[in-house]
Amino acid sequence: MTGDPPVVAVGLLGGFVLSRDGTPLTGNWRRSSARTVVKVLALAPGHRLHRERVIDACWPGVAEAVAGRNLRAALHAARDFLEAGLEKGAGRSYLVADGEMVSLCHVRVDMDEVRSALRRGDRAALVAAVGNLGNELLPEDRYADWLVPYEAELVVLREQLVRALPVAPDGPRLPEVVNRHVDMPMRGRERVLQELAASRWPVTVISGEAGAGKTRLAAEAVRLAADGGALVLWGTAHDAEGPTPYGVIGDAIGNYLASLSDELRQAALVRHPALAGLLPVTGAPVSRGGPEEERARLFHAVASLLVDAGQETQGGLWLVLDDLHAADLGSFQLLYHLARVGAGRLRVLTTLREGELGSGDPRVRTLTSLLAQGMAGRVEIMRLAEADCRRLVIDAMGIDVIGEADEAILRACCELSGGNPLFARELAAAPDRAAALTRGAGSVPERVSYLAAQRIQALGPGAQTVAELLAVAGEPMHLDELAEAAAELGIAVGALLDDLDEAVRSRIIGESPVVKAGLPSVEYGFRHPLIRLACRDVLTAVRRRRLHILLADALVRHRPEAVDAAAYHLSRADDPRAVEFLRRAAHRAAAMYANDTADGHYSELVARLEAAGLPAAEERHAWGVVLRALGRYDRAAEVLGAARVGFGAVGETARSVRTVAALAEVLSRAGRPAEGLDLLAGHDPGALDSRTAALFHLAESVLYFGTGRYAETLDVTARAEALCGGDPQLLARALANRASAFLLLDRLPEARRTAERALGPAEASGDPARLVGPFNVLAQLAQREERFAEAHANGERVLELVEFAGDPAEIVLARGNLVQQTLNLGDPAAAAEHASQALTLARRLGESWCLPYALTNQARVLVRLGREGEAAGLLDEALVIAESTGDRQARAAATGLRERLGQLPRRGTRR
């Protein structure tokens, strides 16, 4: 054959793909190294490299002669693959070995097209490159050393592309939800508005009873801010479907992206690709890192997007999170992160019905931390005074001259509403019925339900059906999902559009722009949740069940990723499919470390499996792991114990022992290590498969370490390491536990070597939580060697990692370690803050393993402050708990400080 062969298109962004004339090249490479050689050459400048560079990338550390043979064999295999389907010999021109140089020819590489578009400044080509550049470079080779410089180049290319296509809109634009809420003057809130405008807090919590006007107040505040040039983002939590991971903040960002042009929206997603984890429907790539790594990237991406957007506007950025009480714990934690890193650069308003949050709700702790640390302030709004309520009703009725009949209606609305703005406006919208209510027609608790029914009944039959669907849906629905569910009820698409127009004109239903599949769309929902609930509650149980099933079917077909919403509807319908969707929703939430959401899903899932007489051991095991991460050790022990019994009943020995190992670790954390050791003593690890035996020995190491048996810890971690089978998660755990034991045995060189060895598998595991142990040991070593700045830096990194994981006991320990590290740096104020937060959190967990450490660290700070009397009391308490749990390390730390107190002059207790 003569002439050049056909050009091969090489795709590197998003995964390695080859095609010729639009047809993907498939077949057998015969050697994986052949693929790697082609990738390395495709990335190289000019697709040409010295053979030694290729060898270094593909066979590092291999003898030269062997590597040369490997290269020749790989080139031969690659040529065979590339020339498949062509006349013999045509493929020889794709790979050319010219002396010491190796070249890849007649190819078109996607990375080259991006580089070329940026060089030429071709705007059309840049827009076309946006979607491609958002993808990860060769995700299957994520940890390859030879890929590192090209990943760094990709970051630079993304920044250059964003500068070429700026992400800020032409000017601030209010979200549609704000315009819906500011259609009438606001009465009786002038002073509160001034407070909001002058607020110095990064986060302002607007609280009050349902219908008090929290949302209306927030809308007025941001409207005024927008008049001053601010950019406003608005998100709402939807409580009817249950908490969705980060849903309220995802709603705000989704609405913001929908307001941008296609070009600017895609540029924003390129700059912040981790937003794909928050908005999977955007079409942006989802990274495959570990859950904690993804959570860290997500938090950073959200904060960066908001700060960047705010810097482009004169008045900064205001973020409204409406009905925060319906949001999940992850949303509260992300809010905390935004308050911490965005202070001074963005303002957050939240509306909250605090009565919906129980005293033991973990979300309350996050909110309390924000308030206690001065990162948030509270504005509570009360009911309207009578004069303000009258003005509000007059506005709603649109009257100028008040006659005798109008005066009666005014009195009725003010009396029946009790000054609640929502009730007053709703009553004013149906003045005849308001007057009837004053005569005893109905009761006060049923007012909103009655008014909702009256408004719904004013609609045509089709619009009423649409309202019923949206009432049961809970969250707003996309048009295509609504159309599918409505079709099952006999409403064609054309009629549905007319019905929606009628419902929107009635102001019962609202429409809002959203992003779906990367494109702007519209969704429909009730304008107020109370009206929606009232509409839903008047439906019969049979009717609600049917609508839940229709909505679940529509979600499954149109948004398969919305497993939380599908699980909600199927559960309410008591549909057998609820089990599978609850399982998927629970696994998804746990993988995202949305542990409170996962807890709720697992609880309902196990209950349903039990009711159906189905095995639930595996689900209980997963649930127990989630409960452990939440610090609910007693409940975790109960659930894992039931899982153990379930596995044993069906002869699942390996799974039963793995559950025993997990249960033993939970017992250790609950301050019951003796029970954990007794539990393990009933099993012979020699009769188990290697993975199960490794988990068994790791559980032993946790218990031995917690009771000060460090030599035995070394023994069992060595056994675990031998059984890991290359699993980076297990290996990282084994090495980290071993390094900690070396440290406490004062075998410091071995502790350092082992901790450094643990870093490799910890990083390879993709789970940043596995880095906690090695970095903690390195921090302790640096502290012993008086390298205090290095110790503090490692300690701060450990705290960041454990805060993302959300394990409260680990947070206590990390903050406790920072106490001594900050004291060594001469910062007693920071030490006191760490000690106080650690002790507060530890006490919430009961007499767990971490409490004596927190008590001792608090005492350490009090000694530095000269409050030895208080310190002695805390140390006595720590010693009692350490004795009961058998924790020698905790006992030694408390004893050492207590003995030192005996040698100090007593200065009393400050009060």
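Colleague: Which residue in β6 is the bridge partner of V96?

Modeller: In this predicted model, V96 has S103 as its bridge partner in β6.

Colleague: What makes β5 and β6 count as paired strands?

Modeller: Two strands pair if at least two bridges are found between them, and 4 bridges join β5 to β6 (residues 101–104). Because 4 bridges meet the requirement of at least two, the two strands are paired, and their directions are antiparallel.

Colleague: Why are β4 and β5 called edge strands of their sheet?

Modeller: The sheet is open and contains 3 strands in the order β4-β6-β5, with antiparallel pairing. Since β4 (48–50) and β5 (95–98) each have a single partner strand, one side of each is left without a neighbour in the sheet, and they therefore stand at the edges. Neighbouring strands here are turned by 20° against each other on average, when direction is ignored.

Colleague: Which helices pack on this sheet, and which strands does α1 touch?

Modeller: Helix α1 (residues 32–43) packs on the sheet and touches β4, β5 and β6, where a contact means heavy atoms within 4.5 Å. The direction of α1 makes about 85° with that of β6. Helix α2 (residues 51–58) also packs there, touching β4 and β6, and its direction makes about 85° with that of β4.

Colleague: What makes β13 and β15 a pair?

Modeller: There are 2 bridges joining β13 to β15 (residues 519–526), and because pairing needs at least two, this pair meets the cut-off. The two strands run antiparallel, and H478 stands opposite E523 in β15. Helix α20 (residues 461–473) packs on this sheet, touching β13, β14 and β15, with its direction at about 95° to that of β15.

Colleague: Why is one side of β13 and of β14 left without a neighbour in the sheet?

Modeller: The open sheet has 3 strands, paired antiparallel in the order β13-β15-β14. Both β13 (477–478) and β14 (509–516) stand at the edges, each with a single partner strand, so one side of each has no neighbour in the sheet.

Colleague: Which residues line the second largest cavity, and how do they divide into nonpolar, polar and charged?

Modeller: The lining consists of A473, E475, P476, M477, E481, L551, L555, R559 and H569, and these residues divide into 5 nonpolar, 1 polar and 3 charged. Because Glu and Arg count as charged, E475, E481 and R559 belong to the charged group.

Technical notes. Residues numbered from 1 in each chain as written. Predicted model: local features only at pLDDT ≥ 70, side-chain atom pairs only at ≥ 80, totals over all residues. Heavy atoms only, no water. Axes fitted to C-alpha atoms, helices over the stretch in contact; angles between N-to-C directions. 1 Å grid on protein atoms, 1.4 Å probe; cavity = no way out; pocket = protein on both sides within 12 Å on 5 of 7 lines; lining within 4 Å.
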